[in-house]
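Student: I have a structure open and some questions about it. Can we go through a few?
Tutor: Go ahead.

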Amino acid sequence: MRYIRVHYNAPVVLTFSLLALTLYVVDLWFKGALTRGLFVTGPPFSLLDPLDYVRLVSHTVGHGSPGHLFSNLTMILLLGPTLEERYGSQNMLKMMLLTALLVGVLNLAVIRSGLLGASSIVFMFITLISIVDLRRGSIPVSFILVAILFIGNEILQAFGEDNISQAGHITGALLGALFGFALGDGAGLNPLVRVVRWVFQRFWILAGVLAAIAVVPAALNALLGLMQ
């Protein structure tokens, strides 16, 4: 008798989805306090608080309602495994972390409001999946249609007042295009694409530097407090 083997086929995407779902279920017990405390980024931002740096990335795991959570996870689980198979788990993790960080920084610097949810990652996936078979010297029609339908719609919606971060959506979509060109065969000599490739090649070193930037000020502040 043959047994059906369960395959954890997309470890990064599946782990992220399980973390988001587990957080939401556990936080029902805390009535949202856990999400508000650790998984929402926005002002005020303290340079001396390491958790504020963590929230710049962790906000993608937190969600405010079941509809918010399941709509994001549906798209992530539909698109993510194909993308992870195409680009590899390590590159997928890098893309998700970079998207979270850049959208978090943008929100802090420009929008200046509370931000949570994986919508920016969803839009990054939507754009990225449209150019997954990018060939040198050509742009797929699917990419052009996605840019018109999704990014264009988000630009129009930005003029409304619906408490949704269209800027985060647009940024995620643009990052998906950058990642696709940087990791595909059609990168060419575009300076911006070359910068993205450079970041990917040195990602973990840069992540270590950012971690030090987050920890060192708080550690020095604590040390000065003990010396007083």
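Student: At what angle do the axes of helix α5 and α8 cross?
Tutor: This is a predicted model. In it, the axes of α5 (residues 89-111) and α8 cross at roughly 145 degrees and come within 10 Å.

Student: Is that crossing left-handed or right-handed?
Tutor: The crossing of α5 and α8 is right-handed.

Student: Which residues make the contact?
Tutor: On α5 they include Met 95, Leu 98, Leu 102 and Leu 106. On α8, Gly 168, Thr 171, Gly 172, Leu 175 and Phe 179 are among them.

Student: How many of the contact residues are nonpolar, polar or charged?
Tutor: The contact of α5 with α8 has 10 nonpolar residues, 5 polar and no charged ones.

Student: Is α8 mostly covered or exposed?
Tutor: Mostly covered, as 15 of its 18 residues are buried.

Student: What should α8 span, going by its residues?
Tutor: Helix α8 covers residues 166-183, and at 1.5 Å a residue its 18 residues should span 26 Å. The C-alpha atoms at its ends are 26 Å apart, so the two values agree.

Student: New topic. Where is Leu 21?
Tutor: Leu 21 sits in helix α1, which runs over residues 11-29.

Student: Is Leu 21 buried or partly exposed?
Tutor: Leu 21 is partly exposed, because its relative accessible area is 31% and buried would mean under 20%.

Student: What does Leu 21 touch?
Tutor: Leaving aside residues up to four places away in sequence, Leu 21 touches Leu 69, Phe 70 and Leu 73.

Student: How many residues apart along the chain are Leu 21 and Leu 73?
Tutor: They are 52 residues apart along the chain, and their C-alpha atoms are separated by 8.6 Å.

Note on methods
Residues numbered from 1 in each chain as written. Predicted model: local features only at pLDDT ≥ 70, side-chain atom pairs only at ≥ 80, totals over all residues. Heavy atoms only, no water. Helix = DSSP H or I, 4+ residues; strand = E, 2+ residues; numbered from the N terminus. Buried < 20%, exposed > 50% of the residue type's maximum accessible area, 1.4 Å probe, protein only. Contact = heavy atoms within 4.5 Å. Expected span 1.5 Å × (residues − 1). Axes fitted to C-alpha atoms, helices over the stretch in contact; angles between N-to-C directions. Left-handed = near helix turned anticlockwise from the far one by under 90°. Nonpolar A, V, L, I, M, F, W, Y, C, P; charged D, E, K, R; others polar.
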